[in-house]
Amino acid sequence: MAPTSIAWIKRGIFLLALGPLIRLFWLGFTDQLGANPVEFIEHSTGTWALVALLLSLAVTPLRLLFNMGWLVSLRRMLGLFMFFYACLHFLAYLWLDHWFDWAGIGADIIKHPYVLVGFLALILSIPLAVTSTDAMIRKLKRRWKTLHLLAYPVAILGVLHYLWLVKKDISQPLIYALILFILLLIRLYYRLKLRRV
Amino acid sequence: MLIGRPSDITASEITPATVFRKRRALIKAAGLGTMMAWSGLSLGEEPKTKIQDYSKSSYGQEEKLTSYRDITTYNNFYEFGTGKEQPAENVGQFKTTPWTVSIEGEVLKPRKLGIEELMKLAPLEERIYRMRCVEGWSMVIPWVGIPLSSLVKLAQPTGNAKFVELISAADPATMPGVRAPILDWPYVEALRLDEAMHSLTILAVGLYGEILPAQNGAPVRLVVPWKYGFKGGKSIVRIRFVEKMPQTTWMRAAPREYGFYANVNPTVDHPRWSQASERRIGGNVFSRRTPTLMFNGYADQVAQLYAGMDLRKHF
């Protein structure tokens with residue numbers, strides 16, 4: 001694909017990825033966030049962080065399966081959008097939900113497994129966001145690839161966070177878990193195949 | 001002419017009961033009659049039936065009521081789906097008349113009771129109660145109902161009756177959630193006999209002075225204000241008096257997370273989340289949580305029921 005069309009696709013996806021945030025502001029200003037607006041914001045930002053994360057992890061499998069090498073140029077943006085929505089998610093939790101009640105928040109994170117795994121996922125994604133620049137890629141060389149393997153535990157913890165939050169009907173988080181599983185399986189398949197060759 | 005199907009109508013479009021009533025009055029006054037009334041219905045307003053004869057009570061007068069819209073669109077009623085808005089969207093096929101409640105088990109007078117008879121067991125009374133959900137949110141709801149004790153007295157439990165089991169309807173044809181094995185249907189809740197006899201415990205048949213909407217558990221549901229909301233079984237079809245402590249639906253679903261008593265208790269966390277505070281429904285984005293009170297603020301009336309019990313163990 002030509003560089004100019006890739007640039008246009010990137011711009012398009014950038015605007016698309018801002019959509020969920022714009023929607024939240026729209027719903028907020030028009031009083032359409034429902035009976036429990038804080039919960040709505042937490043769920044929405046969390047969902048979109050997870051979607052962006054799975055999309056960024058889908059880049060390599062899709063590239064391998066369909067020979068779409070140009071997809072790689074979208075991966076960083078998708079990864080950063082995951083981090084962006086995860087930060088908004090955490091901010092909504094700290095501010096709107098708990099009003100920076102640090103003692104309560106600390107206890108909540110330590111005592112409750114679903115909060116803890118979500119928190120860990122966010123912490124582990126910080127080094128990924130920090131080292132996402134071209135300069136850092138050049139600087140870290142081979143170590144950059146090793147470091148960015150962290151995307152896998154981040155994804156697994158993120159899905160667990162959703163799964164353990166849900167009270168009984170786990171069909172939604174299972175969809176995310178299934179997609180993650182398939183994406184990991186495709187990678188594993190290609191890794192084993194390459195090793196044999 | 002545009003007639004919206006229920007699923008086309010977002011919650012925000014639904015007129016709050018107060019506004020709607022005013023509009024009705026206005027329409028009547030203007031003598032515009034049926035045409036405008038019809039257009040009111042086309043906006044997604046369910047036809048409502050006022051409860052003619054009920055008295056007010058002093059409970060909860062100091063509380064600010066949660067809006068009719070929030071109470072009727074933010075529900076946990078898994079028989080109609082696990083999403084909060086799903087019950088209001090999915091009750092269309094559900095019929096609440098005719099309705100009978102079967103009284104069974106360790107009683108001298110087993111019988112079937114029509115909903116109309118049940119509503120006459122005691123004078124209907126409005127009870128404004130706080131409702132605390134185990135998920136950490138709460139509402140203030142003006143129920144209309146009768147004390148459960150009036151039904152217990154009618155049934156005349158034998159000396160063997162120690163518990164009252166309340167069993168909800170589970171009709172896959174009209175309750176789409178029942179088609180999925182999310183919970184072990186039918187939904188079962190239960191109380192100790194003394195809890196059932198307590199004057200705060202009611203069978204609710206109305207809300208905001210009107211017949212209970214289906215998504216809130218029509219035609220009759222249990223309300224036990226000092227316990228987490230899930231104790232309040234909805235659309236009850238059977239009431240059984242038994243000797244052994246029944247296994248309730250949520251106890252079977254997750255025994256570590258839900259106990260028999262389920263008393264609101266800020267000092268005993270749910271394994272997965274804190275119960276120390278709650279979010280009152282109806283606030284805006286910047287509304288803060290408020291501390292949860294022991295027995296949901298009804299400790300003065302009910303604490304003696306649990307004297308000497310370890311509430312960490314009997315959660």
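**How the two chains meet**

Analyst: Happy to. In this predicted model, the contact draws on 31 residues of chain B and 25 residues of chain A. About 2,300 Å² is buried between the two chains, with carbon and sulfur atoms giving 55% of that area. On the chain B side, Arg272(B), Arg279(B) and Val285(B) lose the most area to chain A, together 27% of what that side buries.

User: Why is the pair Asp269(B) and Lys111(A) called a salt bridge?

Analyst: The closest N and O atoms of Asp269(B) and Lys111(A) are 3.1 Å apart. The rule asks for a side-chain nitrogen of Lys or Arg within 4 Å of a carboxyl oxygen of Asp or Glu, so this pair qualifies as a salt bridge. Four salt bridges are found across the interface of chain B and chain A.

User: Which elements of chain B give two or more residues to the side that touches chain A?

Analyst: Those are α3 (68-73) and α8 (249-253) of chain B. The residues on that side of chain B divide into 14 nonpolar, nine polar and eight charged.

User: And what makes a set of residues a nonpolar core?

Analyst: Its members must be buried nonpolar residues joined through side-chain atoms within 4.5 Å. The largest such core has 85 residues, and Leu118(B), Leu203(B), Val220(B), Trp226(B) and Phe241(B) touch the most other members. Strand β4 (residues 137-147) of chain B gives the most to this core, with six residues. Apart from it lies another core of 28 residues, including Phe83(A) and Ala155(A).

Terms used:
Residues numbered from 1 in each chain as written. Chains lettered and ligands numbered in written order. Predicted model: local features only at pLDDT ≥ 70, side-chain atom pairs only at ≥ 80, totals over all residues. Heavy atoms only, no water. Contact = heavy atoms within 4.5 Å. Buried area = accessible area lost by both parts, 1.4 Å probe. Helix = DSSP H or I, 4+ residues; strand = E, 2+ residues; numbered from the N terminus. Nonpolar A, V, L, I, M, F, W, Y, C, P; charged D, E, K, R; others polar. Buried < 20%, exposed > 50% of the residue type's maximum accessible area, 1.4 Å probe, protein only.
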